[in-house]
Amino acid sequence: MTSSLDAFFQPRSIAVVGASRRPDTIGYQIVDNLLRHGYTGVVYPVNPMASAVHSIPSYPSVSDIPGTVELAVIVVPKELVLDVVDECGKKGVKALVVISAGFKEVGGEGVAREARLAEVARSWGMRVVGPNCMGILNTDPAFSMNATFAPSMPPPGCTSFMSQSGAMGVTILDYAAEYGIGIHHFVSVGNKLDLSGNDLVEYWGQDEGTRVMLMYLENFGNPQRFTTLARTMTRTKPIVVVKSGRTKAGARAAASHTGALAGVDVAIDALLAQCGVLRADSVQELFDIAMALEDQPIPAGNRVAIVTNAGGPGIMIADACESQGLEIVELSLDTQTRLREVFPAEASVRNPVDMIASATSESYRLALEAVLADPNVDAAIAAFVPPLGVRQVDVASSIVGVYRSRKPADKPILAVLMGRHGLPEGRAELRDAGVPAYTFPESAARALSAMVHYRRWLERPVQEPAHFDVDREAAKAILDGARADGRSSLKEHEALRLLEVYGIPVVGHRLTTTLDEARDAARECGYPVVMKAVAPGVVHKTDVGAVRVDIRSQEELDGAFGDLIRKLGEAGVDLEGILVQRYASGGRETVIGMSTDPAFGPILMFGLGGIYVEALKDVAFRLAPVAEVDAMEMLTSIRGARLLEEFRGESSVDRAALVETIQRISQMVLDHPDVAELDINPCLAFPSGVLAVDCRVTIGPHPGATIDSQP
Ligand code: ADP
Ligand code: MG
């Protein structure tokens with residue numbers, strides 16, 4: 001592979017500009033790390049005040065360096081960076097790692113300085129990592145390059161890591177070194193002036209030494225490019241992301257349901273789910289997951305067997321697994337009989353298999369082999385509390401023995417070692433052999449659950465969004481008409497019409513202004529009907545008593561008509577008219593909506609609830625465009641998914657019709673970017689078909705109009 005990024009990871013020579021003789025400086029640390037960890041190329045310290053740094057000759061400037069320089073690590077004060085970069089360009093340096101801070105992150109003149117840095121680097125065709133970063137690292141023994149100022153060097157491995165935060169980078173490397181997690185490449189991208197997370201995903205996707213990619217993200221520079229890249233890369237290599245600032249959204253004030261429920265965080269969750277990227281909640285969890293993905297096979301399904309030497313841990317692990325969506329499966333009778341033969345009567349041969357405190361390392365071997373041979377089992381967790389009279393390292397090597405002997409190695413084995421202090425014994429042995437070893441049950445459960453999610457992704461069909469034949473022009477006319485009227489939202493009947501022209505079934509309805517019209521409309525729709533007072537300012541009609549359902553006769557209609565007009569008149573509401581609709585009984589209430597995120601574009605929502613949706617918050621999000629599989633996932637991923645199936649004597653709803661409606665909305669909002677928010681609430685779902693009965697649409701500026709074009 002050759003790429004302009006090779007100069008970062010495989011340089012034959014590195015200049016450290018701003019190298020220092022004072023051990024408490026970054027300029028010293030970088031030189032020290034390069035030498036101490038055995039960088040295989042040549043290091044040139046650059047310092048105008050010193051003739052030697054760290055016992056090697058130093059040069060007053062980059063141009064004084066006698067040989068060629070492939071990579072320059074820049075640690076000089078911010079005011080000097082531009083001159084140094086220019087000099088590097090003249091010298092023929094291919095790539096720069098700018099550690100110095102004082103750029104975009106400080107705002108003001110820092111922004112301008114960063115723009116100039118970009119210009120100068122580009123003019124020489126140099127690639128840049130940073131500025132404001134903590135460096136890069138490649139543990140490949142052919143380079144053994146630690147060009148960071150972190151105090152620790154992780155062991156070599158197959159996981160590549162990008163961190164957007166320098167401070168987190170130090171923690172990450174410490175953690176990796178302490179837990180023996182093998183790192184291949186590490187990059188702290190800092191302000192991402194040039195090299196971005198996306199570039200790294202692309203590079204690592206092709207890089208043989210990288211099997212797992214980890215990312216610590218603070219924001220997405222280009223979510224669209226990330227989605228496209230990650231969707232392909234994750235088919236062969238897992239990507240795990242920890243995104244900081246995880247808060248359960250809903251903070252954005254908006255009138256519409258989707259707007260109120262969607263937030264940045266749901267957009268990110270949706271984006272990651274749609275491109276097969278696994279999300280971790282913390283750096284610890286990120287490593288827990290990475291450890292399992294490094295060497296272990298991806299399980300075929302979610303059925304877990306637990307093997308332990310104490311009841312308590314067995315139950316804790318079982319609970320943790322279940323709360324992560326894993327199944328503590330019933331072992332086959334064969335397996336139970338096989339276990340019964342070798343274990344004492346007090347042992348439990350049902351899952352979790354509790355071999356009790358007398359279990360030896362040999363017991364672990366027998367039990368693991370038995371459960372892994374069981375066709376009901378997809379994965380095994382071996383747990384042990386420090387056993388009396390048995391050496392933990394022996395138990396560990398027993399587990400390693402089973403892992404190594406399995407052919408094919410198609411089921412993962414994870415270990416939980418509940419040590420009393422520090423890192424439990426046996427852990428290193430397991431880790432070295434590629435068996436992830438955890439201290440807490442939750443860690444193992446989270447890691448295994450991530451693997452199961454990854455399996456689902458691998459098996460998910462690759463699908464393009466469907467295209468429906470719709471009346472696009474009619475939709476445009478509705479939106480343009482409202483805008484010409486100076487309105488930022490559609491009237492209710494316009495919104496329903498918009499759905500209709502996109503092929504979404506809408507309940508029979510008519511907007512009326514007089515009692516006679518209402519009577520006619522009701523006859524047309526057919527009793528029973530629903531009457532709704534429509535007024536510009538009213539968002540939730542039910543809240544102001546503006547909805548009357550199940551009106552069965554003209555007499556009832558006459559009464560309700562007068563009632564609605566009087567009531568809303570008293571409340572000072574400016575009435576537009578009375579919407580008469582057919583009363584569609586017996587459907588299950590779902591909500592299908594969309595809101596626009598400035599960075600991520602249209603976010604689609606599906607949920608249960610009707611008027612209770614905001615209280616239940618049982619909704620799922622995906623970014624547009626959605627393919628059929630995405631839309632189906634929205635239906636299955638809500639907590640109340642079972643309510644859409646056959647339930648308490650009610651037959652299941654037409655899920656295909658819901659899935660199609662979501663896809664049609666997806667097409668609509670991409671065809672018409674001026675649809676800023678949309679909510680069908682409820683979209684009634686029946687055993688056959690769906691019906692939209694209430695729809696709200698907010699329109700934004702026409703995509704053609706930009707702020708710049710205004711006088
Ligand atoms: P809003 O959401 O503004 O309060 P809706 O038009 O959604 O008003 O009506 C409120 C509730 O009334 C709906 O959630 C639904 O339960 C019921 N409803 C409204 N229209 C119909 C209809 N045509 N058929 C059956 N039920 C309806
Ligand atoms: Mg409603």
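Colleague: To start with, how many helices and strands does the protein chain have?

Modeller: The predicted model shows 23 helices and 30 strands in the protein chain.

Colleague: And what box do the C-alpha atoms fill?

Modeller: Taken along the principal axes, the box is roughly 100 × 85 × 40 Å.

Colleague: What share of the residues is buried?

Modeller: Of the 711 residues in the protein chain, 55% are buried. As for contacts with a separation of 6 or more, 71% of them are between residues 24 or more positions apart.

Colleague: Changing topic, where is Arg 406?

Modeller: Arg 406 is placed in the loop between α14 (392-405) and β19 (413-417).

Colleague: Buried or exposed?

Modeller: Arg 406 is buried, as its relative accessible area is 18%.

Colleague: What does the side chain of Arg 406 make a polar contact with?

Modeller: The partner is the side chain of Asp 410, at 2.9 Å. If neighbours within four places in sequence are left aside, Arg 406 is in contact with Leu 372, Ala 373 and Lys 411.

Colleague: How do α13 and α14 pack?

Modeller: Helix α13 (residues 361-373) packs against α14 at an angle of about 30°, and their axes are 8 Å apart. At that angle α13 is roughly parallel to α14, because angles under 35 degrees count as roughly parallel. Their crossing is right-handed.

Colleague: Which residues make that contact?

Modeller: On the α13 side they include Tyr 364, Arg 365, Leu 368 and Leu 372. On the α14 side, Val 395, Ile 399 and Val 402 are among them.

Colleague: And what about α19 and α20, at what angle do they cross?

Modeller: The axes of α19 (residues 515-525) and α20 (residues 554-570) cross at roughly 140° and come within 10 Å. The two helices are therefore oblique to each other. α19 passes α20 in a right-handed crossing.

Colleague: Which residues meet there?

Modeller: Leu 515, Ala 518, Arg 519, Ala 522 and Arg 523 in α19 meet Gln 554, Leu 557, Asp 558 and Phe 561 in α20.

Colleague: Why is helix α18 described as largely enclosed?

Modeller: Helix α18 spans residues 492-501, and seven of its 10 residues are buried, so the rest of the structure largely encloses it. Those buried residues include Glu 492, Glu 494, Leu 496 and Val 501. Gly 503 follows α18 and has a positive phi, near 75°.

Colleague: How many residues apart in sequence are Arg 122 and Met 162?

Modeller: They are 40 residues apart in sequence, and 23 Å apart in space, C-alpha to C-alpha.

Methods: Residues numbered from 1 in each chain as written. Chains lettered and ligands numbered in written order. Predicted model: local features only at pLDDT ≥ 70, side-chain atom pairs only at ≥ 80, totals over all residues. Heavy atoms only, no water. Helix = DSSP H or I, 4+ residues; strand = E, 2+ residues; numbered from the N terminus. Buried < 20%, exposed > 50% of the residue type's maximum accessible area, 1.4 Å probe, protein only. Polar contact = N/O pair within 3.5 Å; in protein donor to acceptor, adjacent residues only side chain to side chain. Contact = heavy atoms within 4.5 Å. Axes fitted to C-alpha atoms, helices over the stretch in contact; angles between N-to-C directions. Parallel < 35°, antiparallel > 145°, perpendicular 65-115°, else oblique. Left-handed = near helix turned anticlockwise from the far one by under 90°.
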